[in-house]
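Take a look inside this protein.

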Amino acid sequence: MAFSLAACGVATASPERDVTVPADPTMIDFVDPSKVGGLATRTLTEGDSGGRQVHVSYPEFDAAPKLNEAVSKEAERRLHDFVRSTRVGGLEPRPELNMDWALDAATDDLIGVRLRTGEFLGANWGNSTTTLWYDKQSDQAFTSPGLLDGDSGLHGVAELVKNQLVKRGPEIDQNEVTASANLFDSLAFNRAGDLVAEFDDCQVGPCSLGRVAVAVPARQVEPLLSPAGRRAQDLVRETAMVAPLVTPKVMVSRSPDAVSQNAGSVDCKVRKCVALTFDDGPGPYTARLLDLLQQADARATFFTLGANASADPAILRRMSKEGHLVANHSWAHRDLAKLSSSKIADTLGRTQDTIAGAIGQTPTLVRPPYGAVNIDVRTVARRLGVSLVNWDVDTLDLRDRDPRLVAQRAVRGAHDGAIILLHDIERTTVDAVPDILNRLKGKGYALVTVPELYGAAGMRPGNVYTSGAVSAP
């Protein structure tokens, strides 16, 4: 049995047969979401509350409505509990809720969705995981304990895990390990069929330990599995047999800098220019937004989330092909100013690599989530060679679900060099775009990408830009 306090990611496992044994068998081979048909990303936010930061992202599947219902209920529960436990206003740094996701498995017969939730309540991040499963044969969605053979299976796994944790010494409190469905709410299989049990921060030991996970060998766990659990174990093994072991990608050379294919067609020295910017996508309404922009011969800058981009690289290629600029909005929308320098570099670097892999160009712009910038964010940005872009016109489209209000704020706030904040994850926003485009063009504005506002002067890595006339040195 293996034990881990390592950070979670995509990796391999297997203590059996002729498969190479990796350093950490508690790691899981997550599925590439871009290979899964009929998948879309949904997002919950609290808008501009002034006191809380919320970004909850989860997947939705065309062919699994019962799983969609279970996943959305879990996301809404987390949001409700967070809102109920925090108050608005007066707290700095602001409390934050963040949820992102990964796929433990995704075949025609089986889907496993791992939801990772982070909460920041004033001191440190607290992270937890929940894994939900869908079995097509029974057409049922179920929580992780459903992989086990009822109470007997849960008690058996709990004892196996507890016995292993006893060996870890006083840093782990094995007495906290009980046959509780809430404790074992994140179960998955590695490529060898070992059952990986993940625990939330602070559940079985000091919060400083971070991720705690145990891999129960396949031969020990097989008698404790439910029929759905055995099917899940078999399908993950079968998928792994045809999938290569994942190794870290080494970037031998940097892709060319991302630029609009139509950059230079408008001279913002002689014309009034504004930049429409869209955050948090791509999402379910992005394709329609691109249609509207194409019809109006307008360009925009898309600050995409790495997690969403990895699920739909084709739409990033369309953005680039149609003259828009694809830029970086971090991997999962956590406030960068609350992260260490290493984690800032990781969330931005992963997103850089994902976008570059999709469009063949490396972004030169980053929009920090919530516009939050500190010296660490600027230092990492400078090292990565990216400029930081905020805004000076906020349409409040996450707060007010009225296309007329959104359009009114965009047009009223527009001025030569304006950077206008919008979100392509919202139907309201996309509904407002035709009115925004018509009215801005009627006022003589050219709609360009952010770098075009600065012309030959360009934009410097590490600097913060809020409009075509403003840069914080």
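The model shown is predicted. Its count of aromatic pairs comes to 4. Two of these pairs are described here.

**Ring pairs**

A pair of aromatic rings is described by the distance of the centres and the angle of the planes. Start with F184 and F199. Their ring centres are 5.6 Å apart and their planes stand at 70°, so this pair is edge-to-face, an angle over 60 degrees being the mark of that class. F184 sits in the loop between helix 2 (150-166) and strand 8 (187-189), while F199 belongs to strand 9 (residues 195-199), so the pair ties together parts 15 residues apart in sequence. F184 and F199 are both buried.

Now turn to F278 and F302. Here the ring centres lie 5.5 Å apart and the planes meet at 20°, so the pair is stacked, with the planes under 30 degrees apart. F278 is part of strand 11 (residues 273-279) and F302 is part of strand 12 (residues 300-304), so this contact ties together parts 24 residues apart in sequence. How accessible is F278? Its relative accessible area is 0%, so F278 is buried. F302 has 0% relative accessibility and therefore counts as buried.

**Charges over rings**

Two charged ends sit over rings, as listed here.

| Charged residue | Ring | Distance from ring centre |
|---|---|---|
| K272 | Y445 | 4.3 Å |
| R350 | W331 | 4.0 Å |

**Cavities**

How many cavities of 30 Å³ or more does a search of the whole structure find? The search finds 2.

The largest cavity has a volume of about 50 Å³. Which element gives the most? Strand 4 does, with 3 residues. By class, the lining of the largest cavity has 6 nonpolar, 3 polar and 1 charged residues.

The second largest cavity has a volume of about 40 Å³. Residues D200, D201, C202, Q203, V204, G205, P206, L209, G210 and V212 line this one. Its lining divides into 5 nonpolar, 3 polar and 2 charged residues.

Terms used: Residues are numbered from 1 along each chain as its sequence is written. This is a predicted model: local features need pLDDT of at least 70, side-chain atom pairs count only at pLDDT 80 or more; totals for chains, interfaces and linings use all residues. Side-chain values use heavy atoms; hydrogens and water are left out. On a 1 Å grid over the protein atoms alone, a cavity is a set of points where a 1.4 Å probe fits but cannot get out, and a pocket is an open set with protein on both sides within 12 Å along at least five of seven lines; lining residues have an atom within 4 Å of a point. Grid points are joined across faces, edges and corners, and a volume is the space filled by probe spheres set on the points. Helices (H or I, at least four residues) and strands (E, at least two) are DSSP runs, numbered from the N terminus. Ala, Val, Leu, Ile, Met, Phe, Trp, Tyr, Cys and Pro count as nonpolar, Asp, Glu, Lys and Arg as charged, and the others, Gly among them, as polar. Rings of Phe, Tyr and Trp (its six-membered ring) pair if their centres lie within 6.5 Å; planes under 30 degrees apart count as stacked, over 60 as edge-to-face and the rest as tilted. Buried means under 20% relative accessible area, exposed over 50%, partly exposed in between (1.4 Å probe, protein chains only). A charge sits over a ring if NZ of Lys or CZ of Arg is within 6 Å of the ring centre and within 35 degrees of the ring normal.
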